[in-house]
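Biologist: Hi! Could you walk me through this structure? I'd like to start with how the chains meet.

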Amino acid sequence: MTHVPFNQQLLNACAALMLLLSFAMLSQRRIVSLVNLFAVQGAVLAATTLLLAWRTGAGHLYFSAVLTLALKVAFLPWLLHRLIRRLGVYWDTEPLLEISGTMLAGILIVVFSFGLAEPIAHLASTSMRNAIGIAVAVVLLAFLMMITRRKAMSQVVGFLSMENGLFFAAMSATYGMPMIVELGVALDVLVAVLVLGVFFFQIREQFDSLDLHHLERLSEHQ
Amino acid sequence: MIELSFLLGIPAAGAIALALWGARGDAPEMNAAFSLGTFAAACALTLRVIAHGPQLLWREQFFIDAFNVFLVALTAFVGLTTSLFSRPYMRVEVAHGRLNPGRLRLYHSMYQLFMLTMLTALTTNNMGLLWVAMEGATLSTVLLVTLYRTPQSLEAGWKYFILCGVGIAQALFGTILLYFAAEKVLGAQGVAALEWTRLDAVKSQLEPTVLALAFVFLLVGYGTKAGLAPLHSWLPDAHAEGPTPISAVLSGLLLNVALYAVVRCKVLVEGSVHSALPSRMLMGFGLLSVVLASLLLFRQRDIKRLFAYSSIEHMGLATFAFGLSGPVATFAALLHMTVHSLTKSSIFFTVGHAAQKAGSQLVDDIRGLITLSPTVGWGLMMGTLAILGLPPFGVFASEFLILTTAMRQQPWSIPILLLALGIAFAAIFRRVQPMVFGDTQARRLPHAPALLPVFAHLAIVLLLGLYIPPYLADWYRAAAHLIGGR
C-alpha cells in the first residue's frame with residue numbers, strides 16, 4: 001500500500017465531508033437545520049482552504065479562508081437565521097419529489113460528475129485533483145435541491161451551497177481563483193443574499209407565505 | 001485613460017448621488033444628466049480608440065478594442081435616450097399611484113448602477129471581473145423588475161433571480177475551467193492568467209478538452225442571460241412585469257452584453273479546439289431560439305411580452321450569425337445587434353406610452369392609437385415594421401446579410417429561418433395592426449409623451465438600412481475581423 005501523507009488524508013476527508021453534507025442538505029426538510037448544514041459546509045470549505053494554504057504556502061489562500069469563514073460560516077447563516085425567525089418559516093412543505101427518490105437521483109448525479117470531471121482531473125497537477133469530481137457533484141446536488149424544493153428559503157440555501165461547490169472546484173483544480181475575482185464573487189454573493197432578504201419581505205407582504213406555489217400565476221396564456 | 005475613468009466613474013457617482021438625493025422633483029433630470037455625462041465619456045473613448053487603436057488600461061485590467069467600443073457607445077447612447085424617456089414616463093407612474101417616492105429613489109439609483117455593471121462587463125479585460133459584472137447586472141435589476149410589487153412582478157423577479165443566478169453559476173464554473181487551462185500555459189501568475197488579451201495570445205496552446213468543456217458551461221451561463229432558448233423563460237416575465245424603461249434597457253442592452261461575453265469566450269475556445277464545435281453550438285442554440293420564440297409569439301396577448309419574445313428571436317438570429325463565423329456573417333451579427341437594440345428600445349418607449357394611456361398592457365385593451373395619439377401610433381407602427389425586417393430599415397439589411405451568408409455556408413438552415421421569420425411577422429403584425437388602426441372610444445390623454453428618443457432611434461435604424469457611413473463600415477469590419485478571424 002502506498003503511503004499517503006497525513007495532510008493529504010485530511011484533504012480527502014474534507015472532500016468526502018463536503019459530499020456528505022450535500023446529501024444531508026438534500027434530505028433535510030427543517031429549514032433551520034438546513035442553514036446549519038450550510039454553515040458546516042462553509043466551515044469544511046474554509047478548513048480545506050486553510051490546509052491548502054498551509055501546504056502550498058500561498059498567501060492569498062489564507063485570506064480566502066478568512067473570507068469564507070466570515071461570510072459563509074458567520075454572516076450569511078446569521079442573516080438567514082434572522083430571516084427565518086422574522087418570517088416564521090421553519091419547515092419546508094412536502095418536496096416535489098420524495099426524499100428517497102431525490103437521494104437516488106443524487107447518487108446518479110455523483111456518478112455522472114465523476115465521469116465529467118475525469119478529463120480535468122487527468123490534467124490537473126494539484127494534490128486535490130481527485131476532489132474535482134466531488135466539487136462538480138456538490139454543484140449539481142445543490143442544483144437538484146433547488147429544483148425539488150418549494151420554499152424560497154430552501155432554494156436560496158441551495159443557491160449558496162452551489163456557490164460553495166464552485167469555490168471547492170476552484171480550490172481543487174487551481175488552488176483558488178485570483179484574489180480580485182474571489183473578492184468580487186464574495187461581494188456578489190453578499191449582495192445577492194441582501195437583495196433576497198428584501199425580496200422575501202416583499203413576497204410575504206403580498207402572499208402571507210413564502211411558499212413558491214403562490215408564484216405560479218404567470219403563465220404563457222396571459 | 002481619463003475617458004475610461006469618466007465612463008465608469010459617472011454612473012458610479014450617479015448611483016450614489018441619486019440614492020442620497022432621493023425622489024425630489026428634479027431626480028429624473030439628474031438621472032438624465034448623469035446618463036448624458038456617461039454618453040459623452042463613451043464618445044470620447046470611441047474617438048480615442050479610432051485615433052489610437054486598441055487600448056490596454058489600468059494594469060491591463062481593462063481592454064478596449066473595435067469590438068467592445070462600439071457596444072460601449074451603443075450602451076451609453078441607449079442609456080441616455082432611455083433616461084430621457086423615463087423622465088415623463090415615471091412621473092406619470094407616480095401620478096397614477098403605482099409608485100411612491102421611495103421606490104423612485106431605488107429606481108434611479110439602480111438605473112445608474114445597472115449602467116455601471118454593463119459598462120464594466122464590456123470594458124474589462126479580466127474574464128473573472130466580466131463574471132462579477134454580469135452577476136452585478138442581474139442583482140441591480142432584480143429589485144427593478146419587482147418595483148410595482150404586484151404578485152406577477154414578484155414572481156417574475158424571483159424567476160429572473162433564480163434562473164439567471166443558476167445560469168451565471170455555470171458561467172463561473174466555465175471561468176474556473178478557463179483559468180485552470182490558462183494556468184497550465186501561463187504559469188501561476190494570478191490575475192494575469194484570466195486576462196483576455198493574454199489568453200488570446202496563447203489560445204492555440206490551451207488544452208482543447210478543457211476549453212471545450214469550459215465553453216459548454218460559459219455558453220449555457222451567459223446564454224441564459226442573453227435569453228437563448230431553452231433557458232429563456234425568465235426574459236418575457238422580467239420584461240413584461242418591470243417598468244417599461246427597464247424593459248427597454250434589458251432588451252436593448254443587457255442581452256447584447258451577455259452575447260458579447262459569449263462571443264469573447266468563443267474567440268478563445270475556437271483558437272484552441274480547432275474544430276467547428278463552438279460554431280455549431282452557437283448555431284444550434286441560435287436556431288432553436290429563433291424557432292421556439294416565433295412559435296411562442298402566437299400565444300402572446302400582452303404587448304410587452306410579445307416584444308420580449310421577439311427579442312429572444314432576434315438574439316437567436318445574432319447568435320446564429322456569430323456561429324456561421326467568417327467576416328461577413330460576423331459583420332451582419334454586429335449590425336443586427338446594433339439595429340435590434342435601437343429598434344427594440346424605441347418600440348418599448350412607444351408601447352410604454354400606449355400602455356400607460358390605456359391603463360393596461362393587454363393587446364385587446366389598446367386600440368386606435370392613431371387617433372388617440374398619432375405620433376405614438378406612427379412610432380409604434382414604424383418600429384414594428386422595422387423590427388419585422390421590412391426594407392428600408394437596418395434590420396432588413398442585417399437579416400438579408402445573415403440569410404445570404406447562411407445560404408452559402410449552411411443551406412439547410414434557410415427554410416427553417418425563413419419559416420420562423422414569416423411566422424414571427426404574422427404573429428406580431430396581426431397584434432399591432434388593430435392596436436394602431438383599430439376603433440376606439442377612449443379620450444385623448446393629457447400628458448405629452450417623450451418622442452424624441454423614439455424617432456432618434458428609428459432615424460438611425462433607417463439610416464443604417466439605407467447607407468452605412470464608410471468609417472462605421474470600417475469599424476464593423478475591424479470588429480468582425482477580430483472575432484471572425486480568417
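Modeller: Happy to. Keep in mind that this is a predicted model. The contact takes 37 residues from chain A and 39 residues from chain B.

Biologist: Which helices of chain B each supply at least two residues of the side that touches chain A?

Modeller: Those are α5 (127-145), α6 (151-186) and α8 (208-225) of chain B.

Biologist: And which one gives the most?

Modeller: That is α6(B), with 18 residues on the side of chain B that touches chain A.

Biologist: What is that side like by residue class?

Modeller: On the side of chain B that touches chain A, there are 22 nonpolar, 8 polar and 9 charged residues.

Biologist: OK, what about the largest nonpolar core, how many residues does it have?

Modeller: The largest nonpolar core has 253 residues. A:A169, B:I176 and B:L177 have the most contacts inside it. The element that gives the most to this core is α6(B), with 21 residues.

Biologist: Let's zoom in on B:I176. What does it touch?

Modeller: Leaving out residues up to four places away in sequence, B:I176 touches A:L166, A:A169, A:A170, A:A173 and A:M177. One of these, A:A169, is also among the residues with the most contacts inside the largest nonpolar core.

Biologist: Nice. Changing topic: how do α9 and α12 of chain B pack?

Modeller: Helix α9 (residues 234-241) and helix α12 (residues 303-324) of chain B have axes 8 Å apart and pack at an angle of about 140 degrees.

Biologist: What do you call that arrangement?

Modeller: Angles over 145 degrees would count as roughly antiparallel, so at about 140 degrees α9(B) and α12(B) are oblique to each other. Their crossing is right-handed.

Biologist: Which residues make the contact?

Modeller: From α9(B) you have B:L235, B:P236, B:H239 and B:A240. From α12(B) come B:K304, B:R305, B:A308, B:Y309, B:S311 and B:I312. By class, this contact of α9(B) with α12(B) has 6 nonpolar, 2 polar and 2 charged residues.

Biologist: One more: where does B:A23 lie?

Modeller: B:A23 is in the loop between α1 (2-21) and α2 (27-52) of chain B.

Biologist: Is B:A23 buried or partly exposed, and why?

Modeller: B:A23 counts as partly exposed because it has 19 C-beta neighbours inside 10 Å, and buried takes 20 or more.

Biologist: And what does B:A23 touch?

Modeller: Not counting residues up to four places away in sequence, B:A23 touches B:P101, B:L104 and B:R105.

Biologist: How far is B:A23 from B:T343?

Modeller: Their C-alpha atoms are separated by 30 Å, and B:A23 and B:T343 are 320 residues apart along the chain.

Terms used
Residues are numbered from 1 along each chain as its sequence is written. Chains are lettered from A and ligands numbered from 1 in the order in which they are written. This is a predicted model: local features need pLDDT of at least 70, side-chain atom pairs count only at pLDDT 80 or more; totals for chains, interfaces and linings use all residues. Two residues are in contact if their C-beta atoms, placed from the backbone, lie within 7 Å. Helices (H or I, at least four residues) and strands (E, at least two) are DSSP runs, numbered from the N terminus. Ala, Val, Leu, Ile, Met, Phe, Trp, Tyr, Cys and Pro count as nonpolar, Asp, Glu, Lys and Arg as charged, and the others, Gly among them, as polar. A residue is buried if 20 or more other C-beta atoms lie within 10 Å of its own, exposed if 12 or fewer, and partly exposed in between; C-beta atoms are placed from the backbone. Axes are lines fitted to C-alpha atoms, for helices over the stretch in contact, and angles run from 0 to 180 degrees between N-to-C directions. Angles under 35 degrees count as roughly parallel, over 145 as roughly antiparallel, 65 to 115 as roughly perpendicular and the rest as oblique. A crossing is left-handed if the near helix is turned anticlockwise from the far one by less than a right angle, and right-handed if clockwise. A nonpolar core is a set of buried Ala, Val, Leu, Ile, Met, Phe, Trp, Tyr and Cys residues joined through C-beta atoms within 7 Å.
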